[in-house]
Amino acid sequence: MNDDNLRPDNLPEEQGLPEKEIQPEKQTDTGEYKTIALKGMYQNWFLDYASYVILERAVPEMLDGLKPVQRRILHAMKELDDGRYNKVANIIGHTMKYHPHGDASIGDALVQLGQKDLLIDMQGNWGNILTGDSAAAPRYIEARLSKFANEVVFNPKTTKWKPSYDGRNQEPVNLPVKFPLLLFQGVEGIAVGLSSKIMPHNFNELIDAAIAHLRNEEFELYPDFNTGGLVDVTRYSSGNRGGKLRIRAKISQLDKKTLVITEIPFGVTTSTLIDSILKANDRGKIKIRKIDDNTAENVEILIHLAPNVSPDLTIDALYAFTDCEISESPNACVIHNGKPIFTDVKHILKVTTGQTVELLRQELQIRLDELREEWHNASLEKIFIEKEIYLDIRKSESFDEAIRTIDAGLEPYKPLLRRKITRADIERLTEIRIKRISAYNTFKAEEHIRNLDGDMEEVQNHLDHLIDYTINWYKQLKKKYGPGRERKTEIRNFDNIEAAAVAVANQKLYVNKEEGFIGTALKKDEYVCDCSDIDDIIAFRSNGTFIVTKVAEKAFVGEGIIHVDVFRRNDDRTVYNMVYQDGKNGLSFVKRFSVVGITRDKEYDLTQGKEGSRVQYFTANPNGEAEVVKVTLRPRPNLRKLSFEYDFALLAIKTRTARGNTLSKYLVRNVQQKENGVSTLRARSIWYDETVMRLNADGRGRLLGEFESDDKILTINASGHYRFYGYDLATHFEDDLLVLEKYDPDKVISSLYLEGKTGLVYLKRFQPEITDRKTSFLGDEPESKLLAVSLDYLPRVKVVFDGKLNPRPYAPEVINVAEFIDIKSFKAKGKRVSNLAIARVDFIDPLPYTPPVVEPDETFDEETETLNEKTNTPKPGNQAGLLPLEFDD
């Protein structure tokens, strides 16, 4: 880069200062050098350089949305434009008349403009934004301005000009763009001391927002990327500084062993994405067998999973550990009124929409002035020829005398004109040829003048209703260029993925209980379980304390370890059953508790803190199991019964800080397990959050029901498939869901579908076969299309017949589905709804349904009542869901 181009024009030669002030001077008598002080030079020069980079290189202008290099490229292409393609090398060379920074920067900027697919029509290999492949050499590819660019971006009549860097040419200050180009294309630039990053937005949504602004209506703008993917705009904050976007690839499950990525995040290529997946696999965060990249026009990356690996957990792990999810921080910095400002996308849209209104006003005013001038000239010419004023100049001896003669001849008709007659007007009359005068047609001239009056009236009406005219202009722009520019990026709220919960267990955990060490490097000691290298480990000790620490190769957690496991934060279903002696010779207490939230590396005491306290019995139960134990007491005089049984199911689950209940008023010798326990926890409540399309147990979204053991979730897709899922919170569902609910074996699926081969409407009823595979119920015809589906017990269908295709009009028909067709296999074709041509068919409100009454089992109720009385527990149906027995704490 030539430094001469980095200074304002008012700086002196040789980088702004006289040569003698910056060059050391050699003294001729001694041969020594004299140093000149540079104080202040760095400050002044750096400020000039920073200002230049900000204003002339990296940051876009808000009004036309272009950086200087982009504006100069488009201006050069307009000068070359003749409707045909030009070699990119030729365009680069022509642009160098205006941009003094070399062909490489111009070529890169031109390719980026072309890949936005709006202003430039491309021919040849312009690279691939999906794979990251670069464009071919400039001599091999061609370009021309698009129809959109010629219509929206250029108008020399409303363009302000300035001299180019060398003064030989004129270049536009700003292009008169009548569209929020900056928001459509987006921008990223790094200047001195600041940067700009504006996300691209959707073409049609920008026009809709501009129309809403002109109507004084509220609007929202969210990014849309040409690579597709998913975006969470919860913290977008209209593109302000401090905002944040989370962008994800679109991943779906092809089968149990294969995942497919069909859309990638903004700014990520398939190559970089695959590299990040391979690195995560090498680090042990995920387990995959291989990756196939089949990307061509569309993205298709196949991820083949290792055996016994969950596809749902792998999807979460891909989002947590690879570039399948990235974060972007927008920073809307633009040039406005000659200086950089920080703003937001809403303000940018309002300003650019206001500029569009002003540019349209200028164009209309220019057009009105042109029509007025044309009307004046046509009227003047009509008078000049019809009144034969041209005959009066035969006796004029000079041109000036002829001018005066014509002016005198026009004097009676001046009141008919709308402006004064100038000498230029009269000179124009003298240039009319005799051939034209002789062929003059008064009727056509009057018709032309009337047309001009009509055009002026129309233009004036547009000026009087400028906002309505602008709104209509935007609508026509959307109608002409909007088709095919629908939103590609799906807006969705993302759930927060806990990395430790989805990381692959790539390490083995060992423990040395006597010496108090745990770690992944203690391979000669006792094996505990598999874990990941980012897990937390919980360790319980015989003195009644526990600690949670980060997994390491070798870590000391204290002597007397009795239990070690991977710690899952907020896991309230793992219940610990414990008996401890309070002090050296104290009584024994029994307690059940969960460990939910802790501080890492902090020691917690589960006893009452007396010296000599010790744990006599301890179990960890992942699903709240409660066992039966045999308690043996220390012998003492008058103590006849030295042992008894205790059922942990009789004890309520409390916090870890609770003292617990007294096990016996006598000293306990030991406690041993007698019977395995069963879960005392109630069935798990599961909700479905439609905003993130995930299951949860936190009460977010729609309650699906209470789940236990083998309960299933039934889903029905718009593609005509059904599928069963478990209630694992890590489950991923497909995007085209129509039905998602807890499976009820008594429910029947009723479906209306268009048979692909005949185009006829069929109705079928079936009960699905339980399978974890995606199963089609529309038959083998690939063109069949699902119209509607219902899981009501007594559904009804309303059929509206086509009045044009049928021989006569028919009243709409309501069908009771249960009477119309029996329950059959999902493979059955079903029954044709009608022999008449159908215009519309859909399910309507079902008939009332009363479920059958099941007679209660009296014996069972009596036994349950007896049990409730004995154990002092809530009866079935009590929302406590536990079996607490109240003891004194």
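Let's start with a network: K250, E490, R492 and D735 are linked by salt bridges. A salt bridge here means a side-chain nitrogen of Lys or Arg within 4 Å of a carboxyl oxygen of Asp or Glu. Some background. Side chains of opposite charge can pair when their charged atoms come close.

A word on the source. This is a predicted model, where local features need pLDDT of at least 70 and side-chain atom pairs count only at pLDDT 80 or more, while totals for chains, interfaces and linings use all residues. Residues are numbered from 1 along each chain as its sequence is written, and side-chain values use heavy atoms, leaving out hydrogens and water.

How many salt bridges does the rule give? The count comes to 46.

First pair: K197 and E328. Their closest N and O atoms are 2.4 Å apart. K197 sits in strand 9 (residues 195-198) and E328 in strand 16 (residues 325-328), so this pair ties together parts 131 residues apart in sequence. Strands are DSSP runs of E, at least two residues; helices are runs of H or I, at least four; both are numbered from the N terminus. Are K197 and E328 buried or exposed? K197 is buried, and E328 is too. Buried means under 20% relative accessible area, exposed means over 50%, and partly exposed is in between, with a 1.4 Å probe and protein chains only.

Next pair: E734 and K774. Their side chains meet in a salt bridge at 2.9 Å, N to O. This one also links distant parts of the chain, 40 residues apart. E734 is in the loop between strand 40 (721-725) and strand 41 (737-742). K774 is in the loop between strand 43 (761-766) and strand 44 (775-776). E734 is partly exposed at 23% relative accessibility. K774 is partly exposed as well, at 40%.

Last pair: R84 and D82. Here the closest N and O atoms are 2.9 Å apart. R84 is exposed, with a relative accessible area of 59%. D82 is partly exposed at 46%.

Now the helices. Helix 8 (residues 203-214) packs on helix 16 (residues 466-481) at about 170°, with axes 10 Å apart. Axes are lines fitted to C-alpha atoms over the stretch in contact, and angles run from 0 to 180 degrees between N-to-C directions. That angle makes helix 8 roughly antiparallel to helix 16, a label for angles over 145 degrees.

Which residues meet? From helix 8, they include F203, I207 and L214. From helix 16, they include I467, Y474 and Y481. Contact means heavy atoms within 4.5 Å.

Terms used: Angles under 35 degrees count as roughly parallel, over 145 as roughly antiparallel, 65 to 115 as roughly perpendicular and the rest as oblique.
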